[in-house]
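Hi,

Here is the structure I said I would pass on.

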Amino acid sequence: MDISILFEFFPFYRNHNTLTANPQEPYVWASVAGASRTAMTIRYSLLPYMYTLFHLAHNTGSNVMRALAWEFPNDPSLAAVDTQFLLGPALLITPVLAQGATTVNGVFPGTGGKGEVYYDWYTLTAQNISTPGANVTIDAPLGCIPVYVRGGYVIPTQEPAVVTRDARNNSWGVIAALSLEGTVSGNLYGDDGESVVQRNGTLFVEFTATRSSLYASPRGTYNDTNPLANITVLGAQNPVSNVTLNGVRINEGKVQYNGSNRALVVTGLNELTSGGGLDAGLGFEVGLKGIL
């Protein structure tokens, strides 16, 4: 089961079989079907992030799926790690490769001291790794692959749908995983998703953050009209009640801060961004005064 859902974090995702073999579609087994739905929901929400990675791979030669040693070339201990990988620079995937296992060992590159920080995708909690290069035992219930967001990066998301055509018309989301210094950066590439030659234009959005604001700066000619629905900030050290979007204060009922995992979630932004949350020439600034 874990192998089948692992592939949902690969650049290419497809189930192969032959006419004479036993059926192996996920829906054949109830447990696999449930786990696949969870993983596919994550994959489809990450399609904007993955699409951007492919764009950068085409234009700069960067890798979509990365060995840990590739991303951290100054750490020789990672050369032997072949059971984990990074999806782009921002997502650490640690699959379970032993049958029936409910834990898995893995490393968190660059951690220890004031280095990197990683947040659990499911709980949004920062991992407390005090020893650099430590091989840590990670809980991995059956059907759940450990996924971690690397601090310092912004991940653009989109509300998933059954097919990518419909997902492209859904609202945007932004996950900002703060570094230990309280900074983030990231980008988003967009186009019509269909044309080989982009006559309808392209869109490129750069995300940055200071200690009190998150910015999105788009450029290009592609007209994206999907609203921005939610923003999640990981590693928020303090509760923030006064959140603004382009100078407009967000209703406190739409701002939720969890003191246990230090995650700030802002929802219900659709009305304020109905003309296009990431459209070229618009962008946004989110005021988060006091978050650190």
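Arg262 sits in the loop between strand 16 (255-258) and strand 17; helices (H or I, at least four residues) and strands (E, at least two) are DSSP runs, numbered from the N terminus. Its phi is near 55°, a positive value in a residue other than glycine. Most residues other than glycine have a negative phi. Arg262 is partly exposed, with a relative accessible area of 38%; buried means under 20% relative accessible area, exposed over 50%, and partly exposed in between (1.4 Å probe, protein chains only).

Before I go on: this is a predicted model, where local features need pLDDT of at least 70 and side-chain atom pairs count only at pLDDT 80 or more, while totals for chains, interfaces and linings use all residues. Residues are numbered from 1 along each chain as its sequence is written, and side-chain values use heavy atoms, with hydrogens and water left out.

Back to phi. Leu124 has a positive value too, about 70°, although it is not a glycine. You'll find Leu124 in the loop between strand 5 (118-120) and strand 6 (136-139), partly exposed at 22% relative accessible area.

Now the helices. Helix 3 (residues 47-60) has 14 residues, which should span 20 Å at 1.5 Å a residue, and its end C-alpha atoms are 19 Å apart, which agrees.

On helix 3, the buried residues are Pro48, Tyr49, Met50, Thr52 and Leu53. Their cover includes helix 2, strand 2 (85-87), strand 3 (91-93), strand 8 (153-158), strand 9 (172-177) and strand 10 (185-190). On helix 2, the buried set is Val32, Ala33, Ala35, Ser36, Ala39, Ile42, Arg43 and Ser45.

Pro11 is in the loop between helix 1 and helix 2, and at 28% relative accessibility it counts as partly exposed. Leaving aside neighbours within four places in sequence, Pro11 is in contact (heavy atoms within 4.5 Å) with Arg43, Met50, Phe54, Val64 and Met65. Pro11 and Val64 are 53 residues apart in sequence, yet 7.0 Å apart in space, C-alpha to C-alpha.

What about the core? A nonpolar core here is a set of buried Ala, Val, Leu, Ile, Met, Phe, Trp, Tyr and Cys residues joined through side-chain atoms within 4.5 Å. The largest one has 57 residues, and Leu91, Phe207, Leu214, Ile231 and Phe284 touch the most other members. Strand 9 gives this core its largest share, five residues. There is also a second, separate core of 16 residues, which includes Val81, Val96, Ala140 and Tyr148. Leaving out residues up to four places away in sequence, the residues that Leu214 touches include Val154, Val174, Ile231, Phe284 and Leu288.

Thr273 is in the loop between strand 17 (263-266) and strand 18 (284-287). It counts as buried, at 8% relative accessibility, and touches Pro227, Leu228 and Leu245, again not counting residues up to four places away in sequence.

Last, the charges. A salt bridge is a side-chain nitrogen of Lys or Arg within 4 Å of a carboxyl oxygen of Asp or Glu, and by this rule the count comes to seven. Which residues are linked in a network of salt bridges? They are Arg66, Glu71, Glu116 and Arg150.

Within that group, Arg150 pairs with Glu71, the closest N and O atoms being 3.0 Å apart. The pair links distant parts of the chain, with Arg150 in strand 7 (residues 147-150) and Glu71 in helix 4 (residues 68-71), 79 residues apart. Arg150 is buried, at 6% relative accessible area, and Glu71 also counts as buried, at 19%. Arg150 meets Glu116 as well (3.1 Å, N to O). Glu116 lies in the loop between strand 4 (103-106) and strand 5, so this pair ties together parts that are 34 residues apart in sequence.

Cheers

Key: The expected span of a helix is 1.5 Å times one less than its number of residues.
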